[in-house]
Amino acid sequence: GYKERSMAAASRDRRRRGRAPGAASAAAAVEDDGEEHHLNPFLSDAAPTSSRVQFRNVASRARWVEEAGAAEVLDSKGKLWLTTGVTRGGKLYYNVEEIGFLAERGALIFLDDEGGTIGMEEIYGKIAGGKYGCSWDAFQAYKHLKLLGYIIGRYAVPWTMKNNPTCETTDSLERMPDTDQSFNRADGVHNGITKLLKEMHIDGLHPSFEVYLPNSKFRKSSPGAPCFLLSMLRDKPPSRDELETIESKCDGIPLKFCQVDNGRVSFLSFDKVRLPSLP
């Protein structure tokens, strides 16, 4: 009986030792689950179990800055900042679409000037109002692509000013409508190069987002060329003249369009086709 008990104990011990590496991996996965790695932790069907609960344990905090039309991140948990938000003057800011996406998943605690928590209803109101460079439809497009693992930034807004030549930034921003406000203006510093899209009409026919492929080595200081640019459509496809005008702003980067109809997000692109002449 003693021998059988000893063999059983040894067997249990071997099983425990055999599980140890897996347990260590699980612990690492729990830590990584709160970080925006790709495989994307926001994909509830494919993510590790209870990922949303784990994500809430590492929620960042951000305070709304009305003058900037964005939220200043007070403390950033995990590695979300690697692919979310723009850095200005040593500070990290989230746009309204980023705020909505992160807050929905419990990854962000959104605060007002007095430190009170701002709920989802008010966040949705800021997005739907269209005053801060993002409409409700644009938010749906952003969220759809983000859940697929893509990295998304606003068109012509540099992630950071590090390694960003002044002339290139100025040139790209001059092509954007209503981009006359600076992130740094929230600190009382005017910067004519770095501009916030607070009043940008993101639903207009021009590029709205720069979309990058999932990339665990993505760097804001050297993001490379986007996989494609995204423009939002409203009621009808663009005319040929409109297409040629917007394509001239894309510097050879593929352009895709997005239309949202009753919550259904559709993406499309246009190809040039030369029809044969009829006799």
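Which residue stands opposite Trp64 in β2? In this predicted model, the residue opposite Trp64 is Ala71. The legends below start from the sheet.

**View 1. The open sheet is built of five strands.** The strand order is β3-β4-β2-β1-β5, and the pairing is mixed. Strands β3 (86-88) and β5 (108-111) form the edges, each pairing on one side only. From one strand to the next, the twist averages 40°.

**View 2. Strands β1 and β2 run antiparallel.** Strand β1 covers residues 60-65 and strand β2 residues 70-75, with five bridges joining them. Within this pair, Ala71 of β2 faces Trp64.

**View 3. Trp64 belongs to the largest nonpolar core.** This core has 34 residues, of which Trp64, Tyr94, Ile99 and Leu230 touch the most other members. Beyond its neighbours within four places in sequence, Trp64 contacts residues including Gly69, Ala70, Val96, Ile99, Phe110, Leu111, Ile118 and Tyr132. Asp113 and Lys126 are also among the contacts of Trp64. Another core, of nine residues, lies apart from the largest one; among its members are Leu229, Ile246, Leu255 and Phe257.

**View 4. Cys134 is buried, and Cys250 is buried.** The relative accessible area is 1% for Cys134 and 3% for Cys250. Both values count as buried because they fall under the 20% limit. The structure holds zero disulfides.

Notes
Residues are numbered from 1 along each chain as its sequence is written. This is a predicted model: local features need pLDDT of at least 70, side-chain atom pairs count only at pLDDT 80 or more; totals for chains, interfaces and linings use all residues. Side-chain values use heavy atoms; hydrogens and water are left out. A disulfide is a pair of cysteine sulfur atoms within 2.5 Å. Buried means under 20% relative accessible area, exposed over 50%, partly exposed in between (1.4 Å probe, protein chains only). Two strands pair if DSSP finds at least two bridges between them. Helices (H or I, at least four residues) and strands (E, at least two) are DSSP runs, numbered from the N terminus. Axes are lines fitted to C-alpha atoms, for helices over the stretch in contact, and angles run from 0 to 180 degrees between N-to-C directions. A nonpolar core is a set of buried Ala, Val, Leu, Ile, Met, Phe, Trp, Tyr and Cys residues joined through side-chain atoms within 4.5 Å. Contact means heavy atoms within 4.5 Å.
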